[in-house]
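Hi,

Here is the structure I said I'd pass on.

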Amino acid sequence: MRHALEPFVTTIDHVGIAVADLDTAIAFHAEHFGLEVTHTEENDDQGVREAMLHAPGDHDGPAVQLLAPLRPDSPIATFLDRQGPGLQQLAYRVTDVDAATAALRARGLRVLYPEARRGTAGSRVNFVHPKDAGGVLVELVEPAAGH
């Protein structure tokens with residue numbers, strides 16, 4: 001039996017962690033784990049201020065994404081209110097987010113958006129509903145061209 005995303009998944013892209021204070025969380029991960037900030041931005045569409053952190057010298061490998069709310073009605077603010085800080089998502093890097101989403105829908109999985117949205121650094125993203133993924137919010141990430 002062929003796996004739905006076999007032709008699309010290339011690696012784990014990142015693990016997302018919801019935090020109340022981005023600067024404090026960055027300092028913690030740098031001081032205790034030696035991670036380096038490789039990208040920061042505000043994503044108004046998702047309502048977050050975020051930072052991508054990588055192991056030293058491995059800036060193309062899997063990342064830790066720290067997510068802090070920009071406003072009280074953002075999904076990250078809701079997550080923090082409901083569950084407190086902690087692991088919020090697991091993201092897979094895919095070659096084609098639209099095709100990957102279609103493959104999962106064909107298998108009966110729900111995705112959060114009808115079409116991919118803008119993610120970190122110009123990537124395109126969609127999410128698999130946690131109720132269809134063992135309680136885990138799974139993100140599909142198609143990096144922007146050139147990344």
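This is a predicted model: local features need pLDDT of at least 70, side-chain atom pairs count only at pLDDT 80 or more; totals for chains, interfaces and linings use all residues.

The side chain of aspartate 23 meets that of arginine 49 in a salt bridge, at 2.9 Å from N to O. Arginine 49 sits in strand 3 and aspartate 23 in helix 1, so this pair ties together parts that are 26 residues apart in sequence. Arginine 49 is partly exposed as well, at 31% relative accessibility.

Helix 1 runs over residues 22-33, and its twelve residues reach 16 Å from the first C-alpha to the last, close to the 16 Å expected. Its buried residues are Leu22, Ala25, Ile26 and His29. They cover an arc of only 100° around the axis, which puts them on the same side of helix 1. Thr24 and Glu31, on the other side, are exposed. What do the buried residues of helix 1 pack against? They pack against strand 1 (9-18), strand 2 (36-43), strand 3 (48-54) and strand 4 (63-69). Just after the helix, glycine 34 has a positive phi of about 75°.

Strand 4 is worth a look as well. Six of its seven residues are buried, so strand 4 is largely enclosed by the rest of the structure. Strand 4 runs parallel to strand 1, with five bridges joining them, and glycine 16 stands opposite glutamine 65. With strand 3 the pairing is antiparallel, over six bridges; there, glutamate 50 has leucine 67 as its bridge partner.

Back to charges: the salt bridge count comes to seven. One of them joins aspartate 13 and arginine 93, at 2.7 Å from N to O. Aspartate 13 is in strand 1 and arginine 93 in strand 5 (residues 86-94), so the pair ties together parts that are 80 residues apart in sequence. Both aspartate 13 and arginine 93 are buried.

Another salt bridge links arginine 118 and glutamate 41, at 3.0 Å from N to O. Arginine 118 lies in strand 6 (residues 117-118) and glutamate 41 in strand 2, so parts that are 77 residues apart in sequence are tied together. Arginine 118 is partly exposed at 42% relative accessibility, whereas glutamate 41 is buried at 13%. Finally, salt bridges with shared partners join Asp98, Arg124 and Glu142 into one network.

Cheers

Note on methods:
Residues are numbered from 1 along each chain as its sequence is written. Side-chain values use heavy atoms; hydrogens and water are left out. Helices (H or I, at least four residues) and strands (E, at least two) are DSSP runs, numbered from the N terminus. The expected span of a helix is 1.5 Å times one less than its number of residues. Buried means under 20% relative accessible area, exposed over 50%, partly exposed in between (1.4 Å probe, protein chains only). The arc is that of the directions from the helix axis to the C-beta atoms. Contact means heavy atoms within 4.5 Å. Two strands pair if DSSP finds at least two bridges between them. A salt bridge is a side-chain nitrogen of Lys or Arg within 4 Å of a carboxyl oxygen of Asp or Glu.
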